[in-house]
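Subject: Structure handover

Hi,

Here is the structure I promised to pass on. Have a look, and my notes on cavities, pockets, domains and cores follow below.

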Amino acid sequence: MSDPAFDQHCMIRALQLARQGLYTTDPNPRVGCVLAKGGQIIAEGFHARAGEPHAERHALTTAGAEARGATAYVTLEPCSHTGRTGPCADALIKAGVARVVAAMEDPNPQVAGNGFGKLRAAGIQVEVGLQESEARALNPGFIRRMRGERPWVRIKVAASVDGRTAMASGESQWITGPQAREDVQRLRARSSAVITGIGTVLADRPSYTVRADQWRLGEYGSDQVRQPLRVILDRRLRTPVDVPVVTTAGPCLVVGGEAHPERQRALEAAGAEVMHLPSSGSGVDLKALLADLSRRECNEILVECGATLAGAFVREALFDELIVYMAPALLGTDARGLLSLPLVRMAEKVSLRWADVRQLGNDLRLTLVPE
């Protein structure tokens with residue numbers, strides 16, 4: 001007979017293990033596994049990188065023959081198909097596991113209950129739903145993409161208490177302190193892609209890389225940095241070939257809307273990919289952009305840009321989180337605003353709800369989500 005308290009303890013541990021792949025598994029989901037027998041945990045594992053063994057296989061390798069008759073606690077349904085690695089459901093069956101407790105079903109149409117079906121057909125007891133909400137929170141973009149929807153989109157802005165992001169001249173470094181900037185590195189590291197606009201590239205010359213020296217990557221089980229795809233929305237292909245976002249390590253995609261063959265050839269020679277999408281209003285069609293990024297297996301997107309592009313994502317309801325790093329400072333009435341939202345009537349307001357508020361050094365991180 002199972003012990004509900006011990007089951008929960010093991011699943012919580014599996015979730016902790018899954019988080020160790022938070023910055024490294026993309027485009028795969030973050031998954032953890034615990035093997036237990038006789039009221040004791042006998043093996044653990046988590047998925048670290050696409051193409052490497054899944055969480056279940058790591059745990060089974062550690063357990064060896066002891067896995068026979070054990071219970072496997074996994075944060076996601078064991079896969080039933082051959083992708084970059086073999087089916088984990090088959091490995092659990094071969095190892096002689098007696099029971100599988102999973103937090104949730106895999107939304108991947110190639111799995112979607114088939115893993116559970118294989119296990120049950122082999123006589124293994126299967127239970128689903130323990131700590132499901134926590135498991136879903138680990139992989140919001142993967143879940144959404146596997147349902148055929150757009151990636152999970154976070155808009156990040158840094159602002160003063162009076163809602164200003166830069167002085168009228170454009171000067172903006174640094175509004176927030178080192179702890180907030182370190183936290184932004186974590187957001188980038190877990191993102192498949194970072195989206196910005198040509199205005200920000202020309203004004204600030206950012207790189208949008210993950211700088212491991214600014215945060216403790218090792219605490220999450222990896223010493224290797226995966227750089228996100230840097231996406232520049234540049235309708236007229238004005239991106240200079242020598243800006244850091246193009247020249248630094250990691251992939252760069254320039255998305256245009258008009259044909260400029262010479263500029264395109266120069267960018268491609270510098271190592272950037274150039275793609276053209278239809279225009280929508282005065283900019284690139286954002287829905288078409290997100291659909292393309294989903295086809296590229298992008299799960300989570302971070303939007304780091306100026307007020308105009310950030311406002312466009314909000315106006316088109318193409319975001320899931322608005323993250324505001326707020327500094328205890330006032331920049332004044334002439335400074336630049338947080339978002340460009342030309343609203344006139346109160347009925348047009350964009351309603352949000354608080355998801356999280358926490359202090360980072362002297363700053364606040366405010367996380368808001370659409371109502």
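Searching the whole structure turns up one cavity of 30 Å³ or more. On a 1 Å grid over the protein atoms alone, a cavity is a set of points where a 1.4 Å probe fits but cannot get out, while a pocket is an open set with protein on both sides within 12 Å along at least five of seven lines; lining residues have an atom within 4 Å of a point. Points are joined across faces, edges and corners, and a volume is the space filled by probe spheres set on them.

This is a predicted model, with local features needing pLDDT of at least 70 and side-chain atom pairs pLDDT 80 or more, while totals for chains, interfaces and linings use all residues. Residues are numbered from 1 along each chain as its sequence is written, and side-chain values use heavy atoms, with hydrogens and water left out.

The largest cavity holds about 50 Å³. Its lining consists of T25, D26, N28, R30, N139, F142, N299 and E300: one nonpolar, four polar and three charged. (Nonpolar is Ala, Val, Leu, Ile, Met, Phe, Trp, Tyr, Cys and Pro; charged is Asp, Glu, Lys and Arg; the others, Gly among them, are polar.)

On to the domains: the chain splits into domain 1 (4-139) and domain 2 (150-370), with bounds from an automatic or database domain assignment. Their C-alpha centres are 34 Å apart.

Then there's the second largest pocket, at about 900 Å³. It is lined by 29 residues, and A137, R154, R190, E321 and R365 are the closest to its centre. Helix 7 supplies the largest share of that lining, six residues (helices are DSSP runs of H or I, at least four residues, and strands are runs of E, at least two, numbered from the N terminus). By class, the pocket lining has 13 nonpolar, two polar and 14 charged residues. Domain 1 and domain 2 each give at least three residues to it.

Last, the packing. The largest nonpolar core has 40 residues, with L35, L60, Y73, L92, V97, V100 and L119 touching the most other members. (A core is a set of buried Ala, Val, Leu, Ile, Met, Phe, Trp, Tyr and Cys residues joined through side-chain atoms within 4.5 Å; buried means under 20% relative accessible area with a 1.4 Å probe, protein chains only.) Helix 1 (residues 4-19) gives the most to this core, seven residues. Another core lies apart from it, with 33 residues, including L233, L286, F313 and L368.

Cheers

Notes:
Buried means under 20% relative accessible area, exposed over 50%, partly exposed in between (1.4 Å probe, protein chains only).
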